[in-house]
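Colleague: I would like to go through the labels used for this model and hear what each one rests on. Please give the cut-off each time.

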Amino acid sequence: MIAFDAIGRLPHPDDNVAIATRTLEAGTEIAFGSRSFTIKHSLLEGHRFAVQPIHTGEHLLSWAQPFGVAIHEIVPGDYVCNEGVIRELNRRPIPFAPPTTPNFVNDLPPFVFDETQFKSASPLPLYADVKTFMGYRRQGNRGVGTRNTIVLLGTSAFTGGFVKALETRLKSHAGKYPNIDGIMAVAHTEGGHEQPNNRELLLRTLAGFMVNPNVGAVLAVDHGHEVVNNAALRDYLSEHQYPIDAVLHQFMSLTRSFYDDLDAAAAVVEGWLETVNQMERTRESISELKIGLQCGGSDAFSGVSGNPLLAWTTKEIVRYGGSANLAETDELIGAETYILKNVRDLDTARKFVTFLDRFKEWAGWHGHSAEGNPSGGNLYRGLYNIYLKSLGASTKKHPDVRLDYVIDYGEPMQKSGFYFMDSPGNDLESIAGQIASGCNLLFFVTGNGSITNFPFVPTIKIVTTTERFQLLSNEMDVNAGAYLDGTSMDDLGASTLQLTIDIASGQLSVGEKAGHAQVQIWRDWRQTGVVNLRSFDHPAYDGNPLPINTDIAVPEVHFPAFRGEQGYAVDQVGLILPTSLCSGQIAQMCVQQLNQNQVGQDKGISRFVTLVHTEGCGAANGHELPDTLLGYLQHPLVKYGLLLEHGCEKTHNGYIRQLMAEKSLDPAHYGWASVQADGGIHNVVQKMTRWFSEQVESKPDPEVVEVGLEAVRLGLISQGTVTDELAGQFANLTRMIVAGGGTVVIAENDAVLNHPIYKRDVPGEQAIRPTLGYAQVMTQAGFHIMAMPSKQWSETLTGLGAAGVDVILAHVFDRPMAGHPLIPVLQASANPNMNLAYLADLDAALSAQWTVEMLNLVVDTLARRYVPQLSTNGNTQFQITRGLLGVSL
């Protein structure tokens, strides 16, 4: 007989289910008060078991709030589980067979706000004494910074690669100036070709970034032609009276060659260094702290240890006159009763409820609900549904602390107090809004061990259990598991408050020491009202090429290729594929190390690549995400592929293995690594490096053979105006390659397909229609059209690459565009009026002999005799489309 307190925890005395604090085997006898019961089925740490009888139709309770409805009689000792957690457990390697049948469902009635029962709350009394930290006092009523950073802001998605390259050039300068905490790029995915539905919040976020108190200076970079550009941002700053004139700043449009622009931008920033370094820390009240409250990779203990610790510390900061910002709207659905117990006034309460209702409506337009929010890691670690996740997440607000204000995403926090900010549950997207609102420090609670950090605002990471803290001690700042082990909340809170003051004063957080940071703004969405969702059903494409007119002279070409099990490969690349957004930067760190060490170059490996993206967690995606991931794993260029999970995402390694089984792919052909399960950044980078080295050494030297046009797999893409000459040359090139047995793929919405010449010369009488879905792997040579749900340049490149093309030929009309990190992208132009400065970044200009010249250039690229101009400077983009119904959750 084991005492309950040794193996379980009740968040509230009125709960009828408890959390297992360790894995329990079937048959374990539990002493619970004056009663005892037996655990009926083995269950994992963090999962729940009944401690009271629960009859069919009755609510399951945690924190004394309902999170499900029993569909069978449940007795003490029963493992309580729903369909979602059983499905997730079947994806994981656990030491016992999961339950086969759920005993509760998530069907709770929607919350109804009874205004007649509402009572306004009084604020907590403020402390009379003053606590201080050392911060940067800013002019223009910008507040006080905890860091003094020079920010390189990509105003739109198109300049993300540029500001990253600029950061690489300049970041070492910061170490020479004691009062400059960093020179950091802020790149994102928004504001491209199409007018976005998130335009207002995008501009609000960019404006908030620029005036955040942690910014010592900011360079905002655009091309000028984007739908969200510097002109729009400058107007927004002025119209909404942001204190931009109090910030050292410059707006810069790229009008030269890539390297000339890089030199010009570097000169601007280098001219600021002495001025920014003159800004010094002064002693300031902690009333100037504005804390963003976040949780990610949450588990069953987030609401028991981590979030209550955050709440205790935040309560102290608020009582000293500071501010806190609670966000993640969908992660409070189910916790409305708790939040509304302590609110300033009825109008604030109404606004809070309105924001939750608005979020549910918005998700519904896209065929989703908040129930799509919990990730695989949440389910695996005991958060069975959105209600249970929200109940735990809501404990970031201390019950004694009043909700003072409700604001939009990125809306500035003008006064002291406790705020709720509208945002998706996607951690990175929510954090971006908090930074734009003025937060100068972040608290981030994690159960699984999320390593999220923001570039210019320090993150204090709080992990919920001692076991996870020990596993990830180099990635976590605070062990909230000490509370579960017996340390009082007051003692743990006091030490966390002091750490907060120390980090606000300049002590580096563990994330800053690791040099790991990511940015993502609330991504655009496609639907703006109720639609017929069935009209968006994903059609099946047969993959059969379109018949075309091949009556054309076919030149004889030859180039070397590697013979492999699946056919010919023109290159051999090592790929680290992040399964989600949260492991991308770690993959990048490892790739840089592998390339620096020239691993495998004596065995034919030309380079190592990673494909950093924004998906896999905190979003509802369609088929596009899994199709893209599997497409790149099978790509002919990839000799060795390794999947890197963060560990708590939806698309974790177990999920990918399940997808492979459905596609008859062998997981043993690939490497597998986990940032969390393998013990953090250092350990997982070592593991990945070791795996690639072992693979290279164990394989024989590749066989090189001569191939011809039959081995050409070309993607075509055009940007801007399509002239008669261009359409004719594209048509001839397509026909020539296909006649020689090769393959050409074009996106269905490419303008060249609508040109009469292309229609006449290529498909002839055949209807132009997609033969491949987005990112669908092509299995037959010939002429293919790929379904394309957006017009974003990078999303099109990503889809073409996943389909299996080895090289992409792009016609650019206005200016060169970003390339692809894996697939060489050749850029040519037929525009005689293009800015002459851009010609240095082009690979060719369109001429009368363009078809043959381009074919030769394609062949030289495949033979690795030629490297595209923009492949050498790091100006690349990789972005997976969310389709027409994908949204952030």
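Modeller: Start with handedness: a crossing is left-handed if the near helix is turned anticlockwise from the far one by less than a right angle, and right-handed if clockwise. By that convention the crossing of α17 and α20 is right-handed. Bear in mind that this is a predicted model, in which local features need pLDDT of at least 70 and side-chain atom pairs count only at pLDDT 80 or more, while totals for chains, interfaces and linings use all residues. Residues are numbered from 1 along each chain as its sequence is written, and side-chain values use heavy atoms, with hydrogens and water left out.

Colleague: Why are α17 and α20 called oblique to each other?

Modeller: The axes of helix α17 (residues 584–596) and helix α20 (residues 681–698) cross at roughly 50° and come within 10 Å. Angles under 35 degrees count as roughly parallel, over 145 as roughly antiparallel, 65 to 115 as roughly perpendicular and the rest as oblique. The pair is therefore oblique. Axes are lines fitted to C-alpha atoms, for helices over the stretch in contact, and angles run from 0 to 180 degrees between N-to-C directions. Helices here are DSSP runs of H or I with at least four residues, strands are runs of E with at least two, and both are numbered from the N terminus.

Colleague: What makes the contact between α17 and α20?

Modeller: Contact means heavy atoms within 4.5 Å. On α17 the residues are Ile586, Met589, Cys590, Gln593 and Leu594; on α20 they are Ile681, Val684, Val685, Met688, Thr689 and Phe692.

Colleague: Why is strand β29 described as largely enclosed?

Modeller: Strand β29 (residues 638–645) has eight residues and seven of them are buried, so the rest of the structure largely encloses it.

Colleague: How do you know which strands pair with β29?

Modeller: Two strands pair if DSSP finds at least two bridges between them. Six bridges link β29 to strand β26 (residues 573–578) in the parallel sense, and four link β29 to strand β30 (residues 671–674), also parallel. Leu642 of β29 is the bridge partner of Ile576, and in β30 the partner of Leu642 is Gly671. From β29 the chain passes through helix α19 (residues 653–662) to β30 in a right-handed β-α-β crossover.

Colleague: What makes a crossover right-handed?

Modeller: With the strands pointing away from the viewer, the path from the first strand over the helix to the second runs clockwise. The unit of β17, α7 and β18 is right-handed too. β17 and β18 pair in the parallel sense over four bridges, with Ala324 of β18 as the bridge partner of Ile291.

Colleague: Which way do the residues of strand β18 point?

Modeller: In β18 (residues 323–326), Ser323 and Asn325 point one way and Ala324 and Leu326 the other, and all are buried. Four bridges also join β18 to strand β20 (residues 417–421), running parallel, where Leu326 stands opposite Phe420.

Key. Buried means under 20% relative accessible area, exposed over 50%, partly exposed in between (1.4 Å probe, protein chains only).
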